[in-house]
Amino acid sequence: MKRSELNAIMRDAVAFIDEMNFKLPPFAFWTPEDWKDKGKEYDEIRDNMLGWDITDFGYGDYKKIGLLMFTLRNGNFSDKKYVKPYAEKLLIVEEEQITPFHFHWSKMEDIINRGGGNLIVQVYNSTEDEQFADTPVEIMVDGRHFQIEAGGTVRITPGESITLPSGQYHKFWGEKGTGKILLGEVSKVNDDRVDNRFFEKTGRFPEIEEDVLPLYLLSNEYPAK
């Protein structure tokens, strides 16, 4: 992805998040120059990858296959000085923009539609060799438990949420004609470097063409202190 594209996506995201009456923390707006003065007291942001996370999953077409995330809080799998057992993110999904099939070995998560359009979530159980199972899938939506067929979909409208347990394949996208979506994610500790199993070969973090200076850094770009 070009840096200019990432900058434009961030600007659009800030405007949309503000329109939805959600406020980002101050570190969301730190420039690369600001980061030069941030000492070790901010290591939790660096070590736990808080902040901006934008990916095209290696497909080179963000509008078709891509996702914007902002990690607000997080613990850490390996560093026990970080005691939080939970994580929270914001996600923005465009109409018909796909996040490909994946599951997490460790993380269990709730995906919450905070407003905008409808989210469509497609699910499969996974087999021991991490393929799609043909068994019915247990669904949990706002305290309602029910089953759907393997590969079935669930529509999550504004205000609704779905629980996705570890080992359950899920793919999602914005429903056509319903608008851009602001999602919340509440989960166990999140580490996208080691806890994603994509069904197809996928690039989790983008390769960046530096055609302009960064507006804000991505969470895997912070300078060490």
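## Largest pocket

The largest pocket holds about 210 Å³ of space. On a 1 Å grid over the protein atoms alone, a pocket is an open set of points with protein on both sides within 12 Å along at least five of seven lines, and a cavity is a set of points where a 1.4 Å probe fits but cannot get out; lining residues have an atom within 4 Å of a point. Points are joined across faces, edges and corners, and a volume is the space filled by probe spheres set on them. The model is predicted: local features need pLDDT of at least 70 and side-chain atom pairs count only at pLDDT 80 or more, while totals for chains, interfaces and linings use all residues. Residues are numbered from 1 along each chain as its sequence is written, and side-chain values use heavy atoms, with hydrogens and water left out.

The pocket lining consists of E5, A8, I9, D12, A13, Y62, K63, L68, I92, E94, Q97 and K180. Helix 1 (residues 3–19) gives the most to this lining, with five residues. Helices (H or I, at least four residues) and strands (E, at least two) are DSSP runs numbered from the N terminus. By class the lining of the largest pocket has six nonpolar, one polar and five charged residues; Ala, Val, Leu, Ile, Met, Phe, Trp, Tyr, Cys and Pro count as nonpolar, Asp, Glu, Lys and Arg as charged, and the others, Gly among them, as polar.

## Nonpolar cores

A nonpolar core is a set of buried Ala, Val, Leu, Ile, Met, Phe, Trp, Tyr and Cys residues joined through side-chain atoms within 4.5 Å. Buried means under 20% relative accessible area, exposed over 50%, and partly exposed in between (1.4 Å probe, protein chains only). The largest core has 27 residues, and W52, I54, L68 and F70 have the most contacts inside it. Helix 1, strand 1 (51–55), strand 2 (67–73) and strand 3 (86–93) each supply at least two residues of this core, and helix 1 gives the most, with six. A second, separate core of 23 residues includes F57, L67, L183 and F198.

L68, which also lines the largest pocket, is in contact (heavy atoms within 4.5 Å) with I9, A13, W52, D53, I54, Y62, L90, L91 and I92, leaving aside neighbours within four places in sequence.

## Cavities

Two cavities of 30 Å³ or more are counted. The largest cavity has about 140 Å³ of space. Of its 19 lining residues, L67, M69, H102, H104 and E185 are the closest to its centre. Strand 2, strand 3, strand 4, strand 5 (109–116) and strand 11 each give two or more residues to this lining. The lining of the largest cavity has seven nonpolar, six polar and six charged residues.

The second largest cavity has a volume of about 120 Å³. Of the 15 residues that line it, N48, M49, N74, N190 and D191 are the closest to its centre. Its lining divides into three nonpolar, seven polar and five charged residues.

## Strand 11 and its partners

Five of the seven residues of strand 11 (residues 168–174) are buried. Strands pair if DSSP finds at least two bridges between them. Strand 11 runs antiparallel to strand 4 (residues 98–103), with three bridges, and H170 is the bridge partner of H102. Strand 11 also runs antiparallel to strand 6 (residues 119–125), with seven bridges; here V121 stands opposite F172.

## V194

V194 lies in the loop between strand 12 (181–188) and strand 13 (197–198). V194 counts as exposed because its relative accessibility is 52%. Leaving aside neighbours within four places in sequence, V194 is in contact with F77 and W105. V194 and S106 are 88 residues apart in sequence and 9.6 Å apart in space, C-alpha to C-alpha.
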